[in-house]
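Hi everyone, thanks for making time for this. I'd like to walk you through one model, starting with a sheet and finishing with some aromatic rings.

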Amino acid sequence: MLLKDLIQIPVLQNARLVAGADGLNRSVSSVHMMESPNNILKPNELLLTTDYAIKNHPETLDTLVSNMAHAGCAGLAIKTMRFLEEIPPSVIEKASHLQFPLLELPFNNSLGEVLNGALSSILQNKTAELSYALDTHHTFFNLILNGEGLTEIVDKLAQLISSPVVILGSKLELISLSSTVKPNIHLLNKWISQAAKQQLSPGVYPIIHALPSDGACYVILQPIPAPQRPGYIIAFSNEGDIRKLHALALEQAANVLAFELLKAQAVKDRARRFKIEFFTELVQGEMASEQEIIHRGKQYGLFPAESMLCVLCGRDGDEGTSAGQDHGEAERRARENDQLYHSLTKEFGKLGIPYVLFTLKDKCIALLSAKELLGSSAEGKLRLSHQLMGISERLSGQEDMSLSYGISAPINKLADIPTAYKQSLDAYRLGRVHNKQRFVHYYHTKAFTDLLKLIPRDDLQEFLQETFETWSSIDESEQREWRKTLRVYYDNQCHIGETAKELYIHRNTVLYRLNRIEQQTGLQVRNPADSLRIRIALIIKDDLVI
C-alpha cells in the first residue's frame, strides 16, 4: 500500500504533511509505535511517536529522520502538543532535503487509534491484492484449460491493465501482441533499439525521445521466467510508476505465459526431434525408394526439385568439443544449436527460394533449389558464396556467430540426398583440415593429397617411419638425393633415360643410385608393392611436410 493512499483513511485524514511530499509514493507494509530512538528500523515501515523518549533531547530527531530515510522507512508521524509543542524547523528541513515524508498527527486521535486504523487498512489492502492476484491467476489459467492460447492471454492482460501489451523473446524478437488494444509498433521499435544496449530487469523504463502523439512515454517490463527460452511482457504507459494491481496482473500473466511458452516449446522440440530422426534415417540410406522419401518428407517441407544442393553449415571452433561435456556445457551447446537453426531459418527465408532445413548433431543442413541459386551462368557458385558469406557477416555482427559451409554437387533425385550430404560433409571437413574459418567449400573429386589429409597425422608419421626405417644410417644429404631421384624416376614412369635427362646426370648414375638404394634399404624400387609404398611415403614426406 502506498503512503499517499494510507493517509486518506479516516484516522489520518486530519494529519498534516509538513515535509517530503515527493516521497508519498513510498510503500507501507507495516506500522509501529516508537518506544525508543534506538528502535530497529525496517524498510517500508511507518513509525508513530509522541516524542516522549526524546523530549529532553529534541536534537536527536534530526538523526532519527536521517536514519529512517537511509533505512528505506515509509515515513515518520509525530503527535505534537503533548511532549513536543511543534516539530523543529531543522527536522522539517532535513526531511524535505531527503524527500522523506514527515506527518504531524492531530491531537484528538490517540496513537493506538492511528495504529489500529492504519494496520487494518494495510491488512484489507493486502487481502484485496491477494484476492485480485488469485482471481487474475484463475482467469488466465482458465483460458489455458479452455484451449485458448498465447493470443487470448495477451488480449486479456491488455484489458485488465487497459494498456497495449507485447510479448518479446530473449533476443527482444516479437512473439505476440495484443489485438484488442493495439500497440504503437514505431514506439515499440524505438524502445527495443534503446533496450538492446542495456541489462534488463523488472521495472518502468522511459522511452527516449517519445512524442505526445506516440500515446505513451514509458514501458513496463515484466520478465517471463521460462527456463529454456525466457522472454518479456512489455506494457506501454503514460505513468512513471506502476500501479500495484497492474503489477500483480503482470506477475500472474508472466507465470501463466511461462507455462504456455514451455508447452509451445515442448511441441516444437518434439516436432524437431521427429524431423531429426527422419533426416538421420534418410542420410543413412534406410529409406528404400523415392516415393517413401516423398511421402514421409512432405510433412517437413521436403520438395522434389529439378536440381538440388545440400549446404552443410557449422560454427567455427565447434570441432572436437562434444566429447566429455558436463551437463551444463551440453545444455549451453543445445541452446546454441537451437539459436543457429532459428537464425538460419530466417536467413534462408530471405533468399526467396524453396528450402528445407534439418539439424544433425551440431550442424545445420539445408536442401535448396540449385537451379534458382546457381542459374545457368558460370558466376552462379560465386554468387551463392557471396550470399552465404553475407549470412555469416550478419550473424557474426548480431549474435557473435562465425559460420562455415560445405556444399555438395547438384543432385536430381531425393534418393541422392545421402550422397549429397556426404559430399557437403566432405567439403566442410576439407576446409577444417586446412584450418580455415568462415569459408565456403564446394565439393569436388579429391586429389590424392586431399585424401591423405583425412588420415590422422600420427598414422601418417608411423607409415613414414616404417617405410624409411632402414634409411636412418644414411647421411641426410644423401637421403635428400635419393628421394629426389626416386620422385623423378617414378614421375617418368620408371624410364632411366628420361630420369637422367631431367636430373642432368648420366643414365649410369641413375642406375648406380637405384642399385645403392636397394642394397642399403632392402626395398625393391622396381617392385610394384614397394614402389607404391615408396611413392606414397614421398608424397607424405614432401607434399604434406610431415
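Before we look at strands, one definition: I call two strands paired if DSSP finds at least two bridges between them. And please keep in mind that this is a predicted model.

With that in hand, take strand 2 and strand 3, residues 45–49: they pair in the parallel sense, over four bridges.

In what order do its strands run? The order is 1-5-4-3-2, five strands in an open sheet with mixed pairing. At the edges sit strand 1 (16–19) and strand 2 (30–33), each of which pairs on one side only. On average, neighbouring strands here are turned by 25 degrees against each other, direction ignored.

Next, the helices on this sheet. Helix 2, residues 60–71, lies across strand 3 and strand 4 (75–79), and runs at about 150 degrees to strand 4. Helix 3, residues 89–98, packs on the sheet too, touching strand 1 and strand 5 (102–105), and its direction makes about 80 degrees with that of strand 1.

On to the rings. The count comes to 11 aromatic pairs. Let me show you two of them.

How are the rings of tryptophan 191 and tyrosine 205 arranged? Their centres are 6.2 Å apart and their planes stand at 70 degrees; over 60 counts as edge-to-face, so that is what we call this pair. Tryptophan 191 belongs to helix 6 (residues 185–195) and tyrosine 205 to strand 8 (residues 203–206), so the pair links parts of the chain 14 residues apart. Both tryptophan 191 and tyrosine 205 are buried.

The second pair is tyrosine 428 with phenylalanine 439: centres 5.9 Å apart, planes at 45 degrees, and so tilted. Tyrosine 428 is in helix 12 (residues 417–433), while phenylalanine 439 is in the loop between helix 12 and strand 15 (440–442), so the pair ties together parts 11 residues apart in sequence. Buried or exposed? Tyrosine 428 is buried, at a relative accessible area of 1%, and phenylalanine 439 is buried as well, at 5%.

There is also a cluster, in which ring pairs link Phe278, Phe279, Tyr300, Phe358 and Tyr421. One of its members has a charge over its face: lysine 275 lies over phenylalanine 358, 5.3 Å from the ring centre. Elsewhere, arginine 272 lies over the face of tyrosine 341, at 3.9 Å from the ring centre.

That's my tour, and I'm happy to go back to any view.

Definitions and conventions. Residues numbered from 1 in each chain as written. Predicted model: local features only at pLDDT ≥ 70, side-chain atom pairs only at ≥ 80, totals over all residues. Heavy atoms only, no water. Phe/Tyr/Trp six-rings, centres within 6.5 Å; stacked < 30°, edge-to-face > 60°. Helix = DSSP H or I, 4+ residues; strand = E, 2+ residues; numbered from the N terminus. Buried < 20%, exposed > 50% of the residue type's maximum accessible area, 1.4 Å probe, protein only. Lys NZ or Arg CZ within 6 Å of the ring centre and 35° of its normal. Axes fitted to C-alpha atoms, helices over the stretch in contact; angles between N-to-C directions. Contact = heavy atoms within 4.5 Å.
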